[in-house]
Amino acid sequence: MPDKTAAAPHDAHRPNVRLFAAVFGALLCLTLLTVAVSRLRLERPEAITVGLLIALIKGGLVAAVFMHLWGENTLVHRVLYTVAFFAAFLMTLPILDGHYFVHLLTNPAPVAAQHPDEGH
Amino acid sequence: MSGDSNGHGAHEPSFWRKYVFSVDHKVIGLQYMMTAMSFLMVGFALMLLMRWQLAWPGAPIPFFGRLFPPDLAPNGVMSGEFYNSLGAMHGTIMVFLGVVPLAVGAYGNYLLPLQIGAPDMAFPRLNMASYWLFLGGGLLMLSSFMMPGGAAQSGWTSYPPLSIINPGQTVWLFSMVLIITSSLLGSINFLVTAMNMRAPGMSLWRLPVFCWAQMVTSVLLLLAFPPLEAAAFLQVMDRVFHTSFYMPKGLVVLGHVSTVSGGGQPLLWEHLFWFLAHPEVYVLVLPPMGIVAEIIANNTRKPLHGYKTIVVSMISIGVMSFLVWAHHMFISGMSPALSNFFLVTTMIISVPSVAILTCLIFSLKGGSIRFTTPMLYALAFLPLFGIGGLTGLPLGLTVTDIYLHDTYYVIGHFHFVVVTGSILALLGGTYHWFPKWFGRKMNDTLGKVHFWGSVVCMIGVFGPMFPMGLAGASRRLYDPTAQVHNLIVQPLNVVSTVFAYGLFLFQLPFIWNFFHSMFRGEKTEENPWHATTLEWACPSPPPHGNFDKTPRVHRGPYEYSAPGRKTDYWMQTDPA
Amino acid sequence: MITTAMDNPDTHSGVSNAKLGVWLFLCSEIMLFATLFTSYIVLRTGASSWPWGWDALNVPLGTLNTAILISSSVTIVMAYARAYDKDVKGFRLWMGLTLLLSFAFLVVKGFEYHGEFAKGIWPSTSLFYACYFTLTGLHGIHILGGIVVNSSLLYMSFKKEHWDNPLFLGRVEGAGLYWHFVDIVWIFLFPALYLL
């Protein structure tokens, strides 16, 4: 793998203090915003969507700027894509199964239908 | 971390620094090897006790029965609780403290830096920490037998609610956290070493298959273990702080309604556990496959058939192994739609495994095979691992799994994969690399006695389990005669037990051979097998820092019998 | 001797050992917290009822802690910027601030826990509180780990030999990466437990 970082001018990695201050302000505003939205007491699905969206933006800002993922070596990006792929399966499949569990709890009828001789 | 002065080539370190608290990957590898082999023997001994109870239920254990405290074995007869503890600890010790540390900690640690031409691991002190965490976790696990409440009794899978009600589980969980942390540190170290420390010219496609296997294995350990760590934390909370992550509402235990707040889901544990434990199966299998590939290439004196196919198959096994976990849960009450998904992925993952095995078998074709001791193990691995793999297919299909899942068939399948597959290959690897570790060869005659005795006995132990399982014998019974339909296959249990004791006897020549050859074996030079890979290009045993000067790599790993050359091997380091 | 492989661009990934190691460690941490969030979602969707954060927890204190942790993320990145310029005093100042803020986080957390215990609320009270105490507790352990790493870096900054070591900046960067990760986890924990 060619070493791209070594070839780049040294100052490309220089920490950008102004950018940090701007991100700090944005993070504080977003925190207040998410608390304020929560105070409105929206319906749960809407509240979760908004809350998750704001958290994603905040997390993205920290990762991109503070962890300097923006402009990081592509190897690190590739490693993170791999993890995201596996984490996606780790999260979705058990959650889907959890929904089936809820379905059984709220709809016991199909279970009874499978064992008609046990009914009264 | 890296780059600190570790005393390479500096003054001679003290005995403690050199052999006990060493940061040298070779010493740590041998520490892992000794420890893991001891744990293998302990796990094996536990099973020998259980086999007695299975063959002659209710009969007092001869000689040793009286040594156990009366609450475990009243009058020398094993109690049910003791049997459960032995079963749980056998599985845990064999998988987490025996085979994985041997395959990864021992072989990986010793050989990976040598095969890539590196002076040491990327983080030598992290490597040492990894070993000591592993040892601590292992000793804690063993000590649980002596603790109040005894050892864990809920199987190596620790399914709740049983594992939360049963005594002894908390120590199991804490030692698992130590072992998992050790594996995580190890796998980070392996990956960084393989990505950054290869010798000049050692491009990824020139890496030996063994290195690829270790890299894929490290990814599996890195990403699959944390879910079990998190799940273990939740189980600790359930046990110590009486939360109810895994405890459903209104659970009735021994006639009393449980007082926990409830709302938890036992199936959640099963998902998280198997998210680890299925990749774990491939952690058990991939490094041994790498070992077999090295031995076969060396002893057929020709290049491996389909090197790239093997590597790509290993990578696809690694990826797919994360997507098949719930085929262990077909009868757990999981969503049928998910069962179908996992059935399909399970059928897909068998393709790369068969591809690897096929490549290894084709590698034999047209070779001038040297039947050395390690080669015998590699050759036996091929059909026996094949049996283990193919008997797994009916378990991956939901319809047949419903019948077979709780029977001895599963035990037979799994042990054919791990014992006649992984352990056989790991033993073969010992004979193969012993000259590198100690500069001396192991005795060939004793090696062949060990090989033939072990293979026959292994088949004798696990072979009868297939007919037993097909006859419906449950794998969870303390007393197999408690069910009338088991009586017809009970003689097979006796056969299995007799062969298990035979297997034990045939390990004695190996143990003697190992320690005797370490000091008295026939001396060998740098490259006794006329092999091509880098570990044979440095002295045996390699000094601290491994290579006199950084080696240069000029070609792929398996250049045997190249036309127009005087010797039939062409080392990776040979300039021309 | 160990870093000789750095000289071979064809067999070196281009990311330093320390940074690659930290990122791989963070990968395992991602899987750890992904598991915890998965458990949280599965248990929550399976529960018959789930309290609203404002009714069950102290949201103002949680918000305060969010602000503290975000600030500490900025101070540690500032410490890295100072270390990048070999500004010894500036590094000590910002790293010291980071440590102060991390202790402040733990103190506020302690007050929060104390308030709940005083009301007779324990992890065993309900599944919601079980999730709350376990997730925030594990996050707290990560904060403690960060404090250990950061204070050892602060200690090292008082010795000149470390400033002469080219790897020191990499260590500061690695510690920063970990600390930002702990911050990101809290950014998701906070709404999940307190707000939604």
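Predicted model: local features only at pLDDT ≥ 70, side-chain atom pairs only at ≥ 80, totals over all residues.
A cavity is a set of points, on a 1 Å grid over the protein atoms alone, where a 1.4 Å probe fits but cannot get out. Grid points are joined across faces, edges and corners, and a volume is the space filled by probe spheres set on the points. Residues are numbered from 1 along each chain as its sequence is written, and chains are lettered from A in the order in which they are written.

A search of the whole structure found eight cavities of 30 Å³ or more. Two or more lining residues come from each of α3 (80–116), α4 (124–143), α6 (169–196) and α7 (209–240) of chain B. Helices are DSSP runs (H or I, at least four residues), numbered from the N terminus. The lining holds nine nonpolar, nine polar and no charged residues. Here Ala, Val, Leu, Ile, Met, Phe, Trp, Tyr, Cys and Pro count as nonpolar, Asp, Glu, Lys and Arg as charged, and the others, Gly among them, as polar.

The second largest cavity has a volume of about 60 Å³. Its lining includes Thr34(A), Ile54(A), Pro191(C) and Leu195(C). The elements giving two or more residues are α2 (17–39) and α3 (44–66) of chain A, together with α7 (167–195) of chain C. The largest share, four residues, comes from α3(A). Seven lining residues are nonpolar, three are polar and none is charged.

Notes: Heavy atoms only, no water. 1 Å grid on protein atoms, 1.4 Å probe; cavity = no way out; pocket = protein on both sides within 12 Å on 5 of 7 lines; lining within 4 Å.
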